[in-house]
Amino acid sequence: GLCGVVGRKRVVLLAPDVFPASNKVLRSPDMECPQLKPLANLPEEEAWQRLEALATPGKGGVVDLEPGMFVFVPHGWWHAVRPIDDF
């Protein structure tokens, strides 16, 4: 799980079947898969927006984690976290 301590963060959760697993990096998605490879060449904000768009109902979700909150990440689910607030 993820626990909010300092500052707000945006958490993107994606089901295990949204991306294939990497054969090169343990417990990581395959960054060469058709859903993720195009994101590498986009401006950061657009890449995050597209990643969030993949988190459709039943396949994931997006939540803003605030200090004092806890988000459960089910086993095998992909997740990405970025800060909302400056530190």
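In what order do the elements of the protein chain run from the N terminus on? I read β-β-α-β-β-β. That makes 1 helix and 5 strands, taken as DSSP runs (H or I of at least four residues for helices, E of at least two for strands) numbered from the N terminus.

I noted the ground rules next. The model is predicted, so I kept local features at pLDDT of at least 70 and side-chain atom pairs at pLDDT 80 or more, with all residues used for totals for chains, interfaces and linings. Residues are numbered from 1 along each chain as its sequence is written, and side-chain values use heavy atoms, without hydrogens and water.

I checked burial. Buried residues make up 30% of the 87 residues (buried is under 20% relative accessible area, exposed over 50%, partly exposed in between, with a 1.4 Å probe on protein chains only).

Cys3 counts as exposed because its relative accessibility is 52%. Cys33 is buried, at 2%. I found 0 disulfides in the structure (a disulfide is a pair of cysteine sulfur atoms within 2.5 Å).

I turned to contacts (heavy atoms within 4.5 Å). Of those between residues at least 6 apart in sequence, 75% join residues at least 24 apart.

I also looked up the overall extent. The C-alpha trace spans about 35 × 30 × 25 Å along its principal axes.
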